[in-house]
Amino acid sequence: MKNEGVEGTERFLSPDKGRGLRAVQHFAVGELVFACPAYSYVLTVNERAAHCEYCFSRKEGLSKCGKCKQAFYCDVDCQKGDWPMHKLECSAMCAYGENWCPSETVRLVARIIMKQRATTERTTSERLLLLTEFESHLDKLDSEKEELNQSDIAALHHFYSKNIIDLPDNQALIELFGQVNCNGFTIEDEELSHLGSAVFPDVALMNHSCSPNVIVTYKGTVAEVRAVQDINPGDEVFNSYIDLLYPTEDRRERLIDSYFFNCQCDECTSKSKDSAKMEIRKKLSSPPEPEEIRTMVYYAKNVIEEFRRAKHYKTPSELLEMCELSQEKMGSIFADTNVYMLHMMYQAMGVCLYMQDWDGAMSYGEKIVQPYSVHYPPYSLNVASMYLKLGRLYLGLERKTQGIKALKKAQAIMEVAHGKDHHYVAEVKREIEEQN
């Protein structure tokens, strides 16, 4: 792998933030700042058979592992390449059958342990930051997070102790799980569907901003960091750790809960987008009182969490009804462009897609896409994926002109975020050309 772009950055001590990444050359919008292969990674169970376990290629006709018949590969080379990691799970999946159920984090930690034992030198994923330097923030964990760590450690022993001799002691595992939880990444496809989890040490060096100047995308199991603003020599390179849809107070709560810091970026101090994100419905008989708005925001946050949990046990019809009822209640105060309304519309769209209710999904997508373009920063993957989904829906419903228009908008963003040579961009171009 070429160390392209790494010469243009350096590790430094960022004021009030600790270590960070700084540019030592100019990077134009869309330019690759650097690429980082995954130190360790794992394909999510739901994407097996659709993606290669080793290189994450998406294709038909993958060959399955002859023993467990659950891992799929492009060819013999990919299967051989993955064997040092797949052997941790292959026989266990056969032995446990349907009872084999370690979390994705547990699977990733097992692979990290094996990688650390097999690696004696600094890897190409750690040119700027070693995995062992990751912060774990153990002193900031609440009892719920501590219990989850212990549950994951128990699962690691249960499912992997036969294949990993002499697992690290409990304190070392607590530290490692803490490091992975604070520094791990989720690999996603062009529609932001979850493909897997990974650690990219050099990418983890970047500090957070709610107005980031780079974006991270994935080419297989390699993370690529591209500029989405002009970056000058001396500028700190900022990534975003969270979904940027929400208003300042909400974003700060999410960052404190997951990453244990209070964000003081320009966007959080200016709160420049908060009024648009919290748009109140027009033509109400009287403006809502501040307390009414706070109560509705509290309801919205609760229903978001309730929906997240309900996805594990409610039927699609019940989930859709939940979305519709919450929109009806919030809509008594919030405008359709309010981010909490948009959140539930997005969930409803996802349920419609799952139920193959294409018209319903399209209707929600049309309501979402323009406000997304306002609320998210430029070149947002959330906006690109929404245009992409809408474009594909339009084409499926034989609305060719609208489909091509939406796909072209997705392509324009993706050429900056993913790079013009990315296979996702090539796929979108091909979809457009097929219509012409």
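## A buried pair

Arg-226 and Glu-224 form a salt bridge, with their closest N and O atoms 2.8 Å apart; the term stands for a side-chain nitrogen of Lys or Arg within 4 Å of a carboxyl oxygen of Asp or Glu. Both Arg-226 and Glu-224 are buried, that is, under 20% relative accessible area, where exposed is over 50% and partly exposed lies in between (1.4 Å probe, protein chains only).

## Basis of the description

The model is predicted: local features need pLDDT of at least 70, side-chain atom pairs count only at pLDDT 80 or more, and totals for chains, interfaces and linings use all residues. Residues are numbered from 1 along each chain as its sequence is written, and side-chain values use heavy atoms, with hydrogens and water left out.

## Other salt bridges

By this rule there are 27 salt bridges. One of them joins Arg-127 to Asp-202, whose closest N and O atoms are 3.6 Å apart. Arg-127 sits in the loop between H2 and helix H3 (143-160), and Asp-202 belongs to helix H5 (residues 201-204), so this pair ties together parts that are 75 residues apart in sequence. Asp-202 has 0% relative accessibility and counts as buried. Helices here are DSSP runs of H or I with at least four residues, strands are runs of E with at least two, and numbering starts from the N terminus.

Glu-291 also forms a salt bridge, with Arg-294, at 2.9 Å between the closest N and O atoms. These residues are three apart in helix H9 (residues 290-310), so about one helical turn separates them. Glu-291 is partly exposed at 47% relative accessibility, while Arg-294 is exposed with a relative accessible area of 52%. Elsewhere, a network of salt bridges links Arg-58, Asp-189, Glu-190, Glu-191, Arg-392, Glu-427 and Glu-431.

## A three-stranded sheet

An open sheet is made of three strands in the order S4-S8-S7, with antiparallel pairing. Two strands pair if DSSP finds at least two bridges between them. Strand S4 (40-43) and strand S7 (185-188) are the edge strands, each pairing on one side only. On average, neighbouring strands of this sheet are turned by 25° against each other, direction ignored.

S4 pairs with strand S8 (residues 194-199) in the antiparallel sense over four bridges. Leu-43 stands opposite Gly-196 in S8.

## A helix across the sheet

Helix H2 (residues 104-118) lies across S4 and S8 and runs at about 140° to S4. Axes are lines fitted to C-alpha atoms, for helices over the stretch in contact, with angles from 0 to 180 degrees between N-to-C directions; contact means heavy atoms within 4.5 Å.
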